[in-house]
Structures are given as C-alpha cells and as structure tokens.
2 protein chains.
Amino acid sequence: MQDISVVLWGLGAMGSGMAEVLAQREGIRIAGAIDQVSMLAKDLGEGLGLGEKLGVVVRDDAEAVLSEVDADICLIATTSFVAENEPQILKAVGHGCNVISIAEEMSYPAASSPEAAERMHQAAYRKGVTILGTGINPGFILDTLIVALTGACSSVERIHARRVNDLSPFGQTVMQTQGVGTDIDEFKRGIQEGEIVGHVGFVESMHLIAEAVGWELDEVKQTRQAIVSEQPRTGESITVEAGKVAGCNHTARGFVGGREVITLEHPQQVDPGAAGVETGDYIEIAGIPDISLAIQPEIPGGIGTVALATNMIPQVVAGSAGLKTMNDLPVPRTLMGDVRRTVQKFEQVL
Amino acid sequence: MQDISVVLWGLGAMGSGMAEVLAQREGIRIAGAIDQVSMLAKDLGEGLGLGEKLGVVVRDDAEAVLSEVDADICLIATTSFVAENEPQILKAVGHGCNVISIAEEMSYPAASSPEAAERMHQAAYRKGVTILGTGINPGFILDTLIVALTGACSSVERIHARRVNDLSPFGQTVMQTQGVGTDIDEFKRGIQEGEIVGHVGFVESMHLIAEAVGWELDEVKQTRQAIVSEQPRTGESITVEAGKVAGCNHTARGFVGGREVITLEHPQQVDPGAAGVETGDYIEIAGIPDISLAIQPEIPGGIGTVALATNMIPQVVAGSAGLKTMNDLPVPRTLMGDVRRTVQKFEQVL
C-alpha cells in the first residue's frame, strides 16, 4: 500500500500544526499545500521552520494543486463557516479527495445549512469519498465525549457540560471575536452587531448529542455575557485592565418538549487564574447512572484540534461515501504506528 | 421497519438488567429468553418482577428458542470466558443472529483465543451477521474511553489508568474470585490455585488500546496483591474483620520495545470508604497534550455493563459482517428514542 497522500489547504496556526504532525507520521505523505499568503511559494518545511525541506511548494492555486496531486485526502483549515467552506470542499471532492474540515459549522453542517449539507453529501456520494468536520470543540469535548459517556447509561435525563479555558495564548482575532479588552457597553454593542460572537459550534454540538441519543430538539437558546474582570489580566497579545472585559461566557440550552435537557457552557477568558478560576472540561450526566467527569486542566484547543483532524484520517479514508459526522465513525484515536495499517484495519471492519 | 427482535441468553443479574432496560425501549421487542435455572418456565416479566407479563416464556432449550424466534440479535450474558462462550455464540450465529456478549474475554477474543476468534469471525462473515463483546470493563472505562481520549493527542508516550471501585453490592461469587474475607496465606494460595482471579479483562483492554493507537505490545505483566484491611468492613454479602483481605489490587503493565507504555490498575475491595479510599475512574495520558481525567465516583459496573450491551445493539445490527471490537464501531451512546431510527441511521452511514 502506498503512503496516504494528503493535501493541506490553509496554513494558519491549525494547518501548520497539522503539517508538523503529519510530517512525523509513518505512512503519510504531504503531497500538496495550498495557502494564500503566509508561506506562498516557499517549501512547506522551510515555511514551517522545520529545518528541512518537505519537497512541497506552497501554492495559492487550489485547482492546480488538486489537479496535479492525486491525493487521498484534503485537510481544510480555512474558515469557521459552511458558507465559505462549501466551495472549497466541493472542489476537493470534485478531484476525488476525501475531506476533513475543521470549520466549526462543518461538525454538523445540517444544523446551520441543511441544503449545503445535502449538496456536499450528494457530491461525496457520487465521487465515492467521505467528508467529515471535526476539531476539539465542536467535534469532541462538548459532543463526542459526552455521547460516548452516555453509552454507559441505560437512560439520560439531562446533560450539563462546561469547557472552562484560557484564551491567553491566542492572538488579536480571537480577542476581538470574544470581546476581550472592551468595556461593558462596547461588549454589548459588539454582540448586537455580530462582531463579538463568542464560541462557534454550540448548535452543532447540540445537534450531535441530540441525534446520537435520539432526542428531537425543539429549541436551542444561546446567551453571551461579558466576563468583567476585577483584576488586571495578561495574555500573550493583550493586557486587560480591571473593570474591562476579560472574555465571553457563552451558554447554550437545548430543549425537548419544553424541558431543558442539554446545557453547554463555554466561558472563555484571558488569564482565568488571576480570578482564581481553574480551567477544565466538565461533564455532568443525570441519568442511570449519574456520571460526573472532570478533565483538569482543559484539553488545549489548538493542539486538540490538530490532533483530531489528523487522527481521523484513517476513518475518513476507509469510510463509506458521503458526508459523515463524529457520531457515524469509529472512536478517534492517536496514531503512533504506520497509518496505512490503521487504514487497512478500517477497510476490513467498516 | 419492524421492531428489533432480541433474544436474551442468560438471566443472571446482568441479563435480567438488560431485559428490564429493553422492555422499556421503543422499537425493541424481546422475542425470546434462555436460562437454565433462575426463571425457567416463567413469563419473563413475572420472573423479573416487573408486575406485568412480557409474553415471553423463559426456556432452557437454546436451540429451540433460536429456531422458533426469528431474532435480529442475541444478547449473551452467561460466562466470562471465550471457551464457554464460543459454542453459544456459534449457535446464535448459525441461526442468523447478530450477537453481543458481555463475556470479558470476548471484548478482544483474539488475545486469549486467536483460533476461536477466527472461527467466530468466519462464521459471522458467512452468515452476514456481526459479533461484538462489550461491557463497562473491559469494553469501556479502561479501553474505549482511553482510546477516545488519545484521539485528542497528536502523540502519546504513556497511559496510566485506574478503576477504583466498591465491591460491597456484590454477592458470594465475586467475594470468592476476589479473595474477600481470606487471610493473607489463603489469598496467596487462592491466587496460585486460580480460585482468586482478580479482574478478568486486562489483557483484552491492553490489546484494544494497543491495536487502536498502533502499538505492538511485546509483553503484558500482571500482578495481584491482597488489600489487607486495617479496619472492619461491611458489604452486602460479607463482613471483613480487620487484618483480613478486603479485596484484590490487580495491575497490568504493557510493554512496547521493553518500555512500559500502558499501566492499568483495578483495586477492587469491599467498603473502600472505611479506609478513606475514594472510588473513581482515573486516566492519565502523557503525550501531546497531557490529559488528566477523573470520573468520581466510578461508573458502576453492573449498570454500566447492562447499558453498554443494550446501547450497542444498533451498531451491531447495522454493522458489516464479522467479529468486531469496540475499536471498530461508532461511539456508544444511550438510546432515548426509537431504536429503529438509530439502526436506520447507521444503515445509511456505515
């Protein structure tokens, strides 16, 4: 079996992280790299600062790269939204590539964009390839991990999960979308005008959970509240004065028959330790049995997203054709051996 | 679509629990029940004390039940071991039934019994049905849950997990196999003579993890040590004096290239609270990133095993033919809606 050949589309922080991980993996060959700005016309290995060439020149012409490279799979890390992602995915699928996207909305695209989801499913089905959206969240902590835990329950009444994380390592774009550094009036205006968005992915996580356990959601309510800091706080790209906004406490509540059955909270802030807040991922299931889980500190978002996107390659390459979600595929797992053997194993069992 | 029809084989504590759960589920019909002693010739509903008849008489002639009932799946809860389980599984498969077994060794039968695993795989493949072994442990806590967490890691150096549970609710058979109430000399003799066995399933969990992440295990070492109590302890079926054995601390270590990469600990004891021991399920992964997870208290074994065995029905009914493990199938999930819809969903995506 030849190496699994991969095209990387988008070489920001996430795409670059994927490239570094894949460059280490046995049985994987990075066959192409598409990016508009950051590393254009450089060798990918040099662009990443790996100290060695990878023999892949970064190009901005996606059509040309996908035509010239006979890739098994394309990993796309360009956007959070289906509307921007769909044309890219359809282009890769058109060239017979399987696709993994880390666009948050792609983790359950039918939630925001049912028609686009159907178009992508049909295109993938016709071409005999698989499309998957994944990442740490949505994609794992507030959906797949919860779903897996319910597997140990004979019934579930209610799910309450919280992902409490630290925004300190992130750059200016994240600070703006979370409202970090604003005052409370600016924060409220930013929410109204859609410049402060909080977390993208709650609706998708809700749908993943509800579909998996067999609940029909009749409503999802979201609230975004400023986390006003009582202390000065320091992140890598920003300093927040006391009295200013250190982050956004974004909450989503899912209802079945008028009863709140899923509550997901994601308070994201710079330097939570300054306020005595411990980061972590927390899941509480009220059911038979009750389950109370804590992961402390939280699984870091960037590393986790890179891991999930690269680790799901075998399931997607070997999976049946169509648009899939994390509900549909065998459990994710790290890949310490030859990735081709994992692909072959899935080809036998799927 | 007709209800999914289920035959239950074995109506001890686990099989009875499955019957009670399945009697509540929409889209499931209990079509037959096989047991040798406890409920023979009774209506299953009366035997379970449900206060209503289920219209299924418990019989001891497995061949007759399987011949007369055109079941989709047979749930087998009769033994821990492949050697005793294989003839039962082959009988059900021979009648065209999918099979879920909670025999601990069936969670990865190739570990203890590679030839039996191959025979069962071939039989299932020829008949177009699926066989799965599952349960809380092996099957979930010390394998599937660990595997899923590694999915958020770009690499893993070492895995250390502990399941600290309370044997207090269990009966005399469990007390004997764990050596509860013995003195230290009796415990050592019991270990030597194979009457005290500790946990059944470590080798299977090791193989599930190693196969999933792509490690080739060269050795699994196990130790079983007495937990001698400094306090008197009380369980439902036994009282343990101070100085006597309250349980068995069973540990397994898996090596790759001479390096210990997986450590699984399962100290099982009566009334751990008397010694100040908090029960819980704990997973520590050293990798990129490190992950530290705690579930407190532990997910209860009996309820969890009943849940996993009944919750995996859709994956097994819809899955491709052959002998599968939890590594091969979509993540487990509870079933709060019509089970037929979950089966149909899996038939579309698998």
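## Nonpolar core

In this predicted model, Leu44(A) and Leu44(B) touch the most other members of the largest nonpolar core, which has 138 residues. A nonpolar core is a set of buried Ala, Val, Leu, Ile, Met, Phe, Trp, Tyr and Cys residues joined through side-chain atoms within 4.5 Å; buried means under 20% relative accessible area (1.4 Å probe, protein chains only).

Beyond its neighbours within four places in sequence, Leu44(A) is in contact (heavy atoms within 4.5 Å) with Leu8(A), Leu11(A), Ala19(A), Ile30(A), Ala33(A), Met39(A), Leu54(A), Val56(A) and Val58(A).

## Interface area

Contacts between the chains involve 56 residues of chain B and 56 residues of chain A. The buried area, the accessible area (1.4 Å probe) that two parts lose on being put together, summed over both, is about 4400 Å² between chain B and chain A, with 62% from carbon and sulfur atoms. On the chain B side, Val331(B), Thr334(B) and Met336(B) lose the most area to chain A, together 13% of what that side buries.

## Salt bridges

Four salt bridges are counted between chain B and chain A, each a side-chain nitrogen of Lys or Arg within 4 Å of a carboxyl oxygen of Asp or Glu. Glu211(B) and Lys345(A) meet through their side chains in a salt bridge, at 3.8 Å from N to O.

## Basis

Residues are numbered from 1 along each chain as its sequence is written, and chains are lettered from A in the order in which they are written. Local features need pLDDT of at least 70, side-chain atom pairs count only at pLDDT 80 or more, and totals for chains, interfaces and linings use all residues, while side-chain values use heavy atoms, without hydrogens and water.

How values were computed:
Buried < 20%, exposed > 50% of the residue type's maximum accessible area, 1.4 Å probe, protein only.
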